[in-house]
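Please read the points below with the model open beside you.

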Amino acid sequence: MTKRPILATLYRKHQPVWVRRYSRITTALPRAVQLALLEGQPGDVVEFAHSDFGFQIATVKLSVNGHIRIEVTNHD
């Protein structure tokens, strides 16, 4: 297992812009949302995934009207 298994990837028009690594989702989510607001454009998506287990955790979407939509993936 890696020390920073949470990957946050900012996608713009389905192309990765940046990737950041975090140790916990509780630190990844607020920091990546902050970076997306500072550097992002409407339509950008930040995907959170676990690098060791290979599953998606959540997505954050920046909408044209300035809203942020966070969707947590259900892994039942």
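**Notes on the predicted model**

1. Basis. This is a predicted model, in which local features need pLDDT of at least 70, side-chain atom pairs count only at pLDDT 80 or more, and totals for chains, interfaces and linings use all residues. Residues are numbered from 1 along each chain as its sequence is written, and side-chain values use heavy atoms, with hydrogens and water left out.

2. Confidence. The protein has a mean pLDDT of 91, and 97% of its residues reach 70 or more. pLDDT is the predictor's confidence in each residue, from 0 to 100. Among the elements, strand 3 has the highest mean, 96. Helix 1 has the lowest, 89. Helices (H or I, at least four residues) and strands (E, at least two) are DSSP runs, numbered from the N terminus. Where pLDDT is low, predicted coordinates should not be read in detail.

3. Strand pairing. Strand 1 (residues 6-12) pairs with strand 2 (residues 15-22) in the antiparallel sense, over 7 bridges. Two strands pair if DSSP finds at least two bridges between them. The bridge partner of tyrosine 11 in strand 2 is proline 16. Strand 1 also runs antiparallel to strand 3 (residues 45-50), joined by 6 bridges. There, leucine 10 stands opposite valine 46 of strand 3.

4. The hairpin turn. Strands 1 and 2 form a hairpin with 2 residues between them. Lysine 13 has a positive phi of about 50 degrees, although it is not a glycine. Histidine 14 is likewise not a glycine, and its phi is positive, near 65 degrees. Are these side chains buried or exposed? Lysine 13 is exposed because its relative accessible area is 74%, and histidine 14 is exposed at 75%. The scale is: buried under 20% relative accessible area, exposed over 50%, partly exposed in between (1.4 Å probe, protein chains only).

5. Core. The largest nonpolar core has 16 residues. A nonpolar core here is a set of buried Ala, Val, Leu, Ile, Met, Phe, Trp, Tyr and Cys residues joined through side-chain atoms within 4.5 Å. Ala8, Trp18, Tyr22, Ala32, Val46 and Phe48 touch the most other members. Two or more residues come from each of strand 1, strand 2, helix 1 (25-39), strand 3 and strand 4 (56-62). Helix 1 gives the most, with 5 residues. In soluble globular proteins, nonpolar side chains tend to be buried together.

6. Tyrosine 22. What does tyrosine 22 contact, leaving aside its neighbours within four places in sequence? Its contacts are Arg4, Pro5, Ile6, Ala8, Thr27, Ala28, Arg31, Ala32 and Leu35. Contact means heavy atoms within 4.5 Å.

7. Rings. A search of the whole structure finds 1 aromatic pair. Phenylalanine 53 and phenylalanine 55 form that pair, which is stacked, at 6.3 Å centre to centre and 15 degrees between the planes. Rings of Phe, Tyr and Trp (its six-membered ring) pair if their centres lie within 6.5 Å; planes under 30 degrees apart count as stacked, over 60 as edge-to-face and the rest as tilted. Phenylalanine 53 counts as exposed because its relative accessibility is 51%. Phenylalanine 55, at 32%, counts as partly exposed.

8. Charge over a ring. Arginine 20 lies over the face of tryptophan 18, at 4.6 Å from the ring centre. The test is NZ of Lys or CZ of Arg within 6 Å of the ring centre and within 35 degrees of the ring normal.

9. Two buried threonines. Threonine 9 lies in strand 1, and threonine 59 is found in strand 4. Threonine 9 is buried because its relative accessible area is 9%. Threonine 59, at 10%, also counts as buried. Threonine 59 touches Val45, Val46, Glu47, Arg69, Ile70 and Glu71, with residues up to four places away not counted.

10. Glutamine 41. This residue lies in the loop between helix 1 and strand 3. Glutamine 41 is partly exposed, at 43% relative accessible area. Beyond residues up to four places away in sequence, glutamine 41 touches Arg12 and Leu62. The C-alpha atoms of glutamine 41 and asparagine 74 are separated by 27 Å, with the two residues 33 apart along the chain.
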